Amino acid sequence: MVTFMLFGLTSVMFGALGFVMSLFPYLAIRFIEKIVKDPWRRFWFAQMMFLFGLVLIAGTLSLQGVLLWIICGVIAVTVAAILLGSSDSFRARLTINITVFPLWAYRCVGVVNLVLLVLFVADVILYA
């Protein structure tokens with residue numbers, strides 16, 4: 001039961017991120033700027049990323065697409081570690097670099113997140 005709850009929260013995060021980034025990229029840009037600039041939000045966001053990354057790494061060993069979910073988990077843990085351990089100048093450059101992408105790039109990332117959501121939910125339902 002706990003596994004399904006953690007997998008459900010992970011899939012909700014994939015879905016929410018994909019939905020916002022594909023339909024409202026301006027909101028996603030503002031959210032990313034707030035996360036990178038505010039230390040309190042950055043800390044809690046990174047902790048959530050660590051949790052979901054570790055759930056993907058450790059909890060998906062019984063699923064069919066285990067390699068895909070481990071790669072997604074490693075990426076999440078790496079990004080969380082970078083957010084927590086980076087210097088102020090690096091985060092300022094990151095904020096500037098993130099906001100210069102065209103809107104179609106954010107929409108593509110959102111669609112990829114929605115595809116990951118569908119794959120993850122199907123994998124959990126079929127093989128967990």
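## Packing of α3 and α4

A crossing is left-handed if the near helix is turned anticlockwise from the far one by less than a right angle. In this predicted model, the crossing of helices α3 and α4 is left-handed. Helix α3 covers residues 39-59 and helix α4 residues 66-85; their axes come within 8 Å and cross at roughly 160°. Because angles over 145 degrees count as roughly antiparallel, α3 is roughly antiparallel to α4.

On the α3 side, the contact is formed by R42, F43, F45, A46, Q47, M49, F50, G53, L54, L56 and I57, which meet W69, I70, C72, G73, V74, A76, V77, V79, A80, A81, L83 and L84 of α4. The residues of this contact comprise 19 nonpolar, three polar and one charged.

## The loop between α3 and α4

T60 is located in the loop that lies between α3 and α4. Its relative accessible area is 0%, so T60 is buried. Apart from neighbours within four places in sequence, T60 has contacts with F7, V55, V66, W69, I70 and F120. Y26 stands 34 residues from T60 along the chain, and the C-alpha atoms of the two are separated by 33 Å.

## Helix α6

Helix α6 spans residues 103-127 and has 25 residues. From its first C-alpha to its last, α6 reaches 36 Å, close to the 36 Å expected at 1.5 Å a residue.

The buried residues of α6 are A105, Y106, G110, N113, L116, L117, F120, D123 and V124. One of these, F120, is also among the residues in contact with T60.

Technical notes. Residues numbered from 1 in each chain as written. Predicted model: local features only at pLDDT ≥ 70, side-chain atom pairs only at ≥ 80, totals over all residues. Heavy atoms only, no water. Helix = DSSP H or I, 4+ residues; strand = E, 2+ residues; numbered from the N terminus. Expected span 1.5 Å × (residues − 1). Buried < 20%, exposed > 50% of the residue type's maximum accessible area, 1.4 Å probe, protein only. Axes fitted to C-alpha atoms, helices over the stretch in contact; angles between N-to-C directions. Parallel < 35°, antiparallel > 145°, perpendicular 65-115°, else oblique. Contact = heavy atoms within 4.5 Å. Nonpolar A, V, L, I, M, F, W, Y, C, P; charged D, E, K, R; others polar.
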